[in-house]
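Subject: Two-chain model, handover and notes

Hello,

Please find the structure below, followed by my notes on it.

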Amino acid sequence: MDLLTPELGLFFWTLVAFIIVFLILRKFAWGPILSSLGEREKGIADSIATAERVKAEMSQLKSENEKLMAQAREERSIMLKEAKEMKDRIVNEAKNQAKEEANKIITDAQHQIQQQKMAALTEVKNEIGNLAVEVAGKILRKELSAAQGQEAYMQLLSEDIKLN
Amino acid sequence: MSFRRLFPLLILVFGLFGFTFSSFGQEAENAENTQVEGAEAAHEEKKSLNITELVFGHVSDSHEWHLFSLEGEHGHEKEIAMPLPVIVYRPGKGISVFSYSHFHHGGWYKDEKGNKISEASYDGLYVEKNMKEKIKSDDGSPVYDLSITKNVLSMLISVVIILWLMTSAAKKYKKGVVAAPKGFQNALESVIIFLRDEVAKPNLGKKHGKYMPMLLTVFFFIWINNLLGLLPGGANFTGNIAVTLCLSLISFIVLLVRANSHFWGHLLNPPGVPTGIKFLLVPIEIISLFIKPVALTIRLFANMLAGHIVILCVVSMIFIFSAMSKFAGIGFVPVSLAFSVFMFMLELLVAAIQAFIFTNLSAVFIGQAIEEVHHDDAHGDVAHH
């Protein structure tokens with residue numbers, strides 16, 4: 001069949017044209033395109049690698065930061081706790097001291113009260129004694145002013161001497 | 001003729017396909033005008049014959065680029081066609097170059113084999129047309145036709161387009177490498193990367209860089225020519241067996257040149273095969289080697305040719321039906337239009353697919369030939385020793 005027999009002319013021209021196109025494109029198109037594609041791909045791969053590395057560094061930094069933060073938080077809570085403890089201690093100390101102080105004051109007061117009470121009591125006793133002596137003196141003086149009284153008294157005293 | 005009056009309207013309706021059927025119409029007319037002087041009875045028969053002739057006239061090569069015909073006086077068609085240069089080499093006479101228009105004087109007659117012979121003769125040469133247009137010498141001596149035919153001219157146009165497209169895209173790469181691609185550069189780049197990653201790398205392995213220019217050239221050469229062939233008025237370049245044969249021979253020669261000793265060893269002296277079977281196996285292997293370019297040739301040729309023929313046939317149906325009745329012809333226009341649009345879309349796809357398949361198979365064949373020795377083979381060799 002005619003359609004299946006290749007024409008020489010067309011074959012020849014196709015061959016020539018293809019080879020020319022191939023040589024020109026290899027030099028001026030495919031060469032630059034493929035090499036710059038390769039370069040760009042390498043660049044992109046490098047950039048991605050760099051980005052990955054930076055990302056890893058960042059995450060490392062972040063974890064470090066977090067660690068620091070956690071540490072700081074912990075420290076803060078410890079400090080708070082310590083402060084609270086200290087406050088409690090101080091308050092307690094103050095309370096105790098105050099209590100002691102108060103107790104001391106109370107005991108002092110009690111002592112003083114006791115002393116003053118005793119002093120008052122002694123004074124009262126002395127006063128009562130004096131009053132009693134005065135009363136007895138007054139009575140004796142009244143009784144001994146009369147002669148009868150003196151004789152009675154002398155009798156009394158002489159009775160005592162006899163007995164001895 | 002009723003369809004002659006419909007012609008301008010149909011051209012408008014079809015737009016893209018205007019070329020296809022307009023030239024068909026003219027050829028049919030021409031054939032009638034030049035050949036059918038006889039009875040009306042013979043008319044219909046001739047017409048159906050003409051459709052075959054016109055379809056094959058369209059898919060085969062020509063020495064002129066036929067655009068359209070105008071209706072002249074007395075029903076004679078005035079051909080609007082660009083005559084192309086004829087270059088012939090005749091042993092003894094050397095190369096002669098002249099315009100094909102020298103064969104335009106006078107009409108055509110049919111010889112006993114059914115070939116159309118030109119009445120005009122120039123420089124001892126005449127034209128014989130059947131499925132193909134052949135330039136023959138009056139005295140029967142051999143003529144080597146190296147004319148710039150329609151297909152060659154179409155190819156030269158595609159070469160200009162390819163060179164312009166690719167070099168203009170390549171210029172952008174020289175300016176800056178890092179910049180993101182845009183526009184045509186981007187489209188081109190995605191195709192190149194696809195071919196590199198899906199075709200070259202899997203088949204050719206580490207050495208793919210060496211074959212990329214060849215594969216890219218083959219791909220774009222076929223693709224752009226496929227697309228040009230689809231344009232109205234375009235030539236059926238990639239649907240021509242000379243073209244596909246040339247391209248597949250190029251990839252076959254690359255295969256033969258690059259094939260390594262491992263490939264030849266396995267082909268001519270398959271290891272681990274009994275001697276008796278070798279006598280059977282080696283010829284089969286050799287045949288399979290030569291079948292590779294043949295398969296490439298036929299696949300591209302048949303696909304593109306079939307696509308063109310189907311589109312032409314679908315469009316021709318309008319004229320077949322309008323020959324029966326005017327209304328049948330008009331009624332068939334939408335059907336034919338829908339079919340042609342569908343076929344055209346399909347052919348756009350096929351144009352890319354066939355270019356890809358040709359490139360991919362070339363890569364597969366070359367890849368087989370340059371395959372390195374495998375480890376298991378190496379072990380086998382050691383075992384033989």
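What percentage of the 385 residues of chain B count as buried? The figure is 35%, where a residue is buried if 20 or more other C-beta atoms lie within 10 Å of its own, exposed if 12 or fewer, and partly exposed in between, with C-beta atoms placed from the backbone.

Conventions are as follows. This is a predicted model, so local features need pLDDT of at least 70 and side-chain atom pairs count only at pLDDT 80 or more, while totals for chains, interfaces and linings use all residues. Residues are numbered from 1 along each chain as its sequence is written, and chains are lettered from A and ligands numbered from 1 in the order in which they are written.

Chain B overall

Chain B contains eleven helices and nine strands; these are DSSP runs numbered from the N terminus, helices being H or I with at least four residues and strands E with at least two. If one takes the contacts in chain B between residues at least 6 apart in sequence, 62% join residues at least 24 apart. A contact here means that the C-beta atoms of two residues, placed from the backbone, lie within 7 Å.

Interface and chain A

Chain A puts 31 residues into the contact between the chains, and chain B puts in 41 residues. On the chain A side there are 22 nonpolar, four polar and five charged residues. The classes are: Ala, Val, Leu, Ile, Met, Phe, Trp, Tyr, Cys and Pro nonpolar; Asp, Glu, Lys and Arg charged; the others, Gly among them, polar.

A:Ala72 belongs to helix H1 (residues 8-144) of chain A. A:Ala72 counts as exposed because 10 other C-beta atoms lie within 10 Å. Its C-alpha atom is separated by 36 Å from that of A:Ser47, 25 residues apart along the chain.

Helix packing in chain B

Helix H5 (residues 184-204) of chain B packs against helix H6 (residues 208-230) of chain B at an angle of about 125°, with the axes 10 Å apart. Axes are lines fitted to C-alpha atoms, for helices over the stretch in contact, and angles run from 0 to 180 degrees between N-to-C directions. H5(B) is therefore oblique to H6(B); angles under 35 degrees count as roughly parallel, over 145 as roughly antiparallel, 65 to 115 as roughly perpendicular and the rest as oblique. The crossing of these two helices is right-handed, a crossing being right-handed if the near helix is turned clockwise from the far one by less than a right angle, and left-handed if anticlockwise. Residues of H5(B) in this contact include B:Ile192, B:Leu195 and B:Val199, and those of H6(B) include B:Tyr211, B:Leu215 and B:Phe219. The contact of H5(B) with H6(B) has ten nonpolar, one polar and two charged residues.

H5(B) also meets helix H10 (residues 326-370) of chain B, where the axes come within 7 Å and cross at roughly 25°. The two are therefore roughly parallel to each other, and the crossing of H5(B) with H10(B) is right-handed. Among the residues involved are B:Leu195, B:Asn203 and B:Leu204 of H5(B), with B:Thr359, B:Ala363 and B:Ile370 of H10(B). By class there are eight nonpolar, four polar and no charged residues.

B:Lys182 sits in the loop between helix H4 (150-175) and H5 of chain B. B:Lys182 is exposed, with 10 other C-beta atoms within 10 Å.

Sheets in chain B

An open sheet of three strands runs in the order S4-S3-S9 (chain B), with antiparallel pairing. S4 and strand S9 (144-145) of chain B are at the edges with a single partner strand each, so one side of each has no neighbour in the sheet. Strands pair if DSSP finds at least two bridges between them; strand S3 (residues 85-90) of chain B and S4(B) have six. B:Pro85 is bridged to B:Ser99 in S4(B), and B:Ile87 stands opposite B:Val97. Three residues separate S3(B) and S4(B) in a hairpin, and B:Gly92 in the turn has a positive phi of about 100°. None of the six residues of strand S4 (residues 94-99) of chain B is buried.

Another open sheet, of four strands, has the order S5-S6-S7-S8 (chain B) and antiparallel pairing. Strand S5 (108-110) and strand S8 (133-137) of chain B are its edge strands. The twist averages 30° from one strand to the next.

Regards
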